[in-house]
Amino acid sequence: MGVETDIASWILTPSDMTAVDRDAATSGLSSFGLMRAAGYAVAASALRHYPAATRFVCLCGVGNNGGDAMIAAEALTGSGADVAVYLMGDRARLAGDAARAFATVPLRSQPLGAYVPAIGDVVIDGLFGAGLSRAVSGALATLMRAVTDLALPVIAIDLPSGVDGRSGQVLGDSFQAAQTVTFMARKPGHLLLPGRTLCGALEVVDIGIPARIIRSHRAPLVENTPALWRDAVKALDPGAHKYRRGHLVVFSGAAASSGAARMSATAGLSAGAGLVTMVAPTEAMPTLAAHLTAVMLKPVDTDAMLSDLIEDTRLNAFVLGPGFGAPERVRRFVAALCDRPLVLDADGITAFREDPQALFDAFRGPVRLVLTPHDGEFSRLFPDLAGDTALSKIDRATMAAARSNAVLILKGPDTVIAEPHGRVAINANAPPWLATAGSGDVLAGIVGAHLAQGMPPFEAAASAVWRHGAAGHEAGEGMTAEDLLRAIRPLPQAS
Ligand SMILES: NC(=O)C1=CN([C@@H]2O[C@H](COP(=O)(O)OP(=O)(O)OC[C@H]3O[C@@H](n4cnc5c(N)ncnc54)[C@H](OP(=O)(O)O)[C@@H]3O)[C@@H](O)[C@H]2O)[C@@H](O)CC1
Ligand SMILES: [K+]
């Protein structure tokens, strides 16, 4: 099954969703019918999760999110539940389907300011969804905090109000939902942080918009799941001789800082590279030899020695950066490697902070560079993108990938993987404890191993991030980077 048919992994931006709505309406679907389906789905979720609730409190904004909440109120009332409806703002501002919902549902509403949160309430949050356009402040922010302080369960419609569906950022203040019910497909804000956490458990409900309409509007944006890259895994030959499973080279810095590169090299072997060679200054050889067995060692002290080494075209992927230090040496080595598949991490990235363009210019043409920055490293190569608060993490990664002609792994608890031609994946399988010393070195080694085995750079990167997250779960809370190395498992194959 390819990505095209794997609707569960699709992600639509709020503006994609607006276009979907428009097409749904022009194709003859009733937009009010969609609202009714949405509202009933929310009510069903509320009853399923809180069958013993004393009172459902439906908070309605004046947009369609509020219309959904009013329909939910109707459905909950119909089930015999005790329901109260509060409307934010002037009823005269209601328009379109929201106005129709308020006109047809025979329930009285009170002004939002009259709501006093009480223990036993289950809050249905229909204040803002895709239409959030500015920061939440004032009395509304105070109300959100009161609901949070009482730990009242909140069921968010589409998004917790205050969470920006495009970026996952909180505008001003937001609810912390226990459940979020969204429609047809997830939005970036459901996966990017802090939105993902604020959503609680996410339900994606089919309200009847045909998949063909959604497909025609979706951006090349998916969750990073095996569906994205398992065809590339299938193309690998698991029975191949070690020389055909690729030869990865990992560069080490001086002996005293060689731990990081050793971690990458060992990860490279565990992740399936047929051979791994550690290249290091001669002075580091005794230290490396004492620590490594299956990894081969090669002393390289000068540019000439590097040139000799890389004449061997069987060396088909390189990792440079972990514990490397020596920025000037980084730049010379990268110049020598610029026509080879290269993972540039840590010190390898920082070495180009004065002149990132020199790096980008060296890697024009077919994509062969994978950059693995965390936010701090990202800001060294792309200070303007890092400083632009209007950009989402997806925007930043996509623009940086296009500028650098590299596959970008923008790391974090919500790692985003982007390639220069616009494909983007959001990763969501990383446990929080994966953020530990050495974890990034392991990831760089896994990416290198995948490149060495012949996977295209985007698939190599995305599958490595997923495999790293899966290893984190396998290793468990409290793990060290050494535990992570031992927990690397085979990639899932196509079924
Ligand atoms: N997609 C689908 O298929 C379907 C979508 N459906 C539903 O539609 C929802 C989108 O509806 P929507 O476009 O009407 O926007 P919505 O989120 O209700 O808010 C807009 C209002 O909020 C206001 N406002 C914004 N920020 C504010 C702030 N900080 N503080 C105060 N006010 C603020 C804003 O004011 P304005 O900026 O205009 O002054 C405007 O009045 C979507 O999330 C889903 O639930 C379903 O019906 C089923 C089908
Ligand atoms: K909401």
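Visitor: How many residues in the shell around ligand 1 are nonpolar, polar and charged?
Guide: This is a predicted model, and in it 26 residues surround ligand 1, with Gly63, Asn64, Asn65, Gly129 and Gly131 as the closest. Sorted by class, the shell around ligand 1 has 13 nonpolar, 9 polar and 4 charged residues.

Visitor: Which element gives the most to the shell around ligand 1?
Guide: The elements that give two or more residues to this shell are α1 (14-26), α2 (31-49) and α3 (64-78). Among these, the most comes from a helix that supplies 5 residues, namely α3.

Visitor: How far apart are the C-alpha centres of domain 1 and domain 2?
Guide: The domain assignment of the protein gives domain 1 as residues 7-215 and domain 2 as residues 226-486. In contact with each other are 9 residues of domain 1 and 8 residues of domain 2, and on the side of domain 1 that touches domain 2 the residues divide into 5 nonpolar, 2 polar and 2 charged. The distance between the C-alpha centres of domain 1 and domain 2 is 41 Å.

Visitor: How far apart do the end C-alpha atoms of residues 17-215 lie?
Guide: UniProt, in an unreviewed entry, lists residues 17-215 for "domain: YjeF N-terminal". In the model this span is 40% helix and 17% strand, and its end C-alpha atoms are separated by 11 Å.

Visitor: Is Asn405 buried or exposed?
Guide: Asn405 is found in the loop between α18 (393-404) and β15 (407-410), and it has a positive phi of about 55° although it is not a glycine. A residue counts as buried if 20 or more other C-beta atoms lie within 10 Å of its own. Since Asn405 has 20 other C-beta atoms within 10 Å, it is buried.

Visitor: What is the phi of Ala326 near?
Guide: Ala326 has its place in the loop between β12 (315-320) and α13 (327-336), and it counts as partly exposed because 15 other C-beta atoms lie within 10 Å. Most residues other than glycine have a negative phi. In Ala326, however, the value is positive, and it is near 35°.

Visitor: Which residues does Ala53 touch, not counting those up to four places away in sequence?
Guide: Ala53 is found in the loop between α2 and β1 (55-60), and it counts as partly exposed because it has 18 C-beta neighbours inside 10 Å. The C-alpha atoms of Ala53 and Ala81 are separated by 8.2 Å, although these residues are 28 residues apart along the chain. On the stated terms, the residues that Ala53 touches are Ala81 and Val122.

Note on methods: Residues are numbered from 1 along each chain as its sequence is written. Chains are lettered from A and ligands numbered from 1 in the order in which they are written. This is a predicted model: local features need pLDDT of at least 70, side-chain atom pairs count only at pLDDT 80 or more; totals for chains, interfaces and linings use all residues. A residue is near a molecule or strand if its C-beta atom, placed from the backbone, lies within 6 Å of it. Helices (H or I, at least four residues) and strands (E, at least two) are DSSP runs, numbered from the N terminus. Ala, Val, Leu, Ile, Met, Phe, Trp, Tyr, Cys and Pro count as nonpolar, Asp, Glu, Lys and Arg as charged, and the others, Gly among them, as polar. UniProt positions are given in the numbering used here, feature names are shortened, and annotations may be inferred rather than shown by experiment. Domain bounds come from an automatic or database domain assignment. Two residues are in contact if their C-beta atoms, placed from the backbone, lie within 7 Å. A residue is buried if 20 or more other C-beta atoms lie within 10 Å of its own, exposed if 12 or fewer, and partly exposed in between; C-beta atoms are placed from the backbone.
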